[in-house]
Amino acid sequence: MHERDIIKICYLFYNEGLSQIEIGTKMEISRWKVGRVIKEARDRGLITITINHPQVDLTETEIKIAKKFGLKQAIVVGINDFSGTSPLDQIGAAGAQYLASVIHRYRILGVTWGLTMSHVAKFLPKIETDRLELAQIGGGIGTIEGTDNPALTTMLGQKLSADAHVIQAPIIVRNKSIRDTLFKETKIRETLEVAKKADIVMFGVGLVSTESLLWQSGLLGPDEAATLKRAGAVGAICGRFFNDQGKQCWQDLADRTIGLSLNELKKIKHKILIAVGKEKLQAIIGALKGNIVDVLIVDMKTAQGLLDK
């Protein structure tokens, strides 16, 4: 085929919007030949496609992250430092928008505490759902900046017109004996059984730092931060600490934690991790390597950090 015919086929397809069948009829060749010509032209660099929209950089980054880490989807938020709203508000609004778009497909939403999740709840619109249930996947941390699990679960239940199952107990207790006793409580046991059946969950990721909520709430002390770091912990999801490969750290603490284990969390069909800030990069990578995440919602700077790793 002559070069001019190749160019004509490409022009008719991209500039004139003709279908491959229409081009084949006009050029007196099969639609399959038209398809091969277009593909070969792209492979040779005769055709380049430019998407003229400011969103394109975010979209490209999202696709690269999803491919790199084997995710169902990545959502990257371009934080606007001059918008008058905080990064947490902006990431929370994106998380709320995504949750609202998919929640109708699911039956039980697993709920966690945390500052990021409180901002998701803040921006989530009121949605009428059909027999949706909400269940805490772990205990609470007390009322710090509106982040406590029972309060968030109740708020989300109201916004999603759903039945809410709460756990009126702390996420971490003093010893395994106390945890085992609490597990015998009917309400806690029933809520965790519902949580195990969750088919969607959204959660933030915590740091191994005395500035994190588990330490601010008084549930963990400075010595435990040092122990966790020696054990290789890089982050936590609902009180479950993990290393850079997403594996559980420090069994003694795990034995004092009220909530789903990391293995139980992994079994949930649709797991959404939402986070903002490059300081959480290592924790996010650990969760990704541990297959704890299906959909990732992050800011652009953190996303770029993930691609550089």
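Predicted model: local features only at pLDDT ≥ 70, side-chain atom pairs only at ≥ 80, totals over all residues.
Residues are numbered from 1 along each chain as its sequence is written, and side-chain values use heavy atoms, with hydrogens and water left out.

**Figure 1. The open sheet has 7 strands.** The strand order is β1-β9-β8-β5-β2-β3-β4, and the pairing is parallel. β1 (73-77) and β4 (163-165) stand at the edges with a single partner strand each, so one side of each has no neighbour in the sheet. From one strand to the next, the twist averages 15°. Strands are DSSP runs of E, at least two residues long, and helices are runs of H or I, at least four long, numbered from the N terminus. Two strands pair if DSSP finds at least two bridges between them.

**Figure 2. Both edge strands have a parallel partner.** β1 and β9 run parallel and are joined by 5 bridges. Ile 75 has Ile 297 in β9 as its bridge partner. Of the 5 residues of β1, 4 are buried (buried means under 20% relative accessible area, exposed over 50%, partly exposed in between, with a 1.4 Å probe and protein chains only). At β4, the parallel partner is β3 (residues 133-136), over 3 bridges. Here Glu 133 stands opposite Asp 163.

**Figure 3. The largest pocket holds about 550 Å³ of space.** The volume is the space filled by probe spheres set on grid points, which are joined across faces, edges and corners. A pocket is an open set of points on a 1 Å grid over the protein atoms alone, where a 1.4 Å probe fits, with protein on both sides within 12 Å along at least five of seven lines; lining residues have an atom within 4 Å of a point. There are 29 lining residues, and Leu 115, Val 205, Gly 206, Leu 213 and Lys 280 are the closest to the centre. At least two lining residues come from each of α5 (87-102), α6 (115-123), α10 (213-216) and β6 (235-237).

Definitions and conventions
Axes fitted to C-alpha atoms, helices over the stretch in contact; angles between N-to-C directions.
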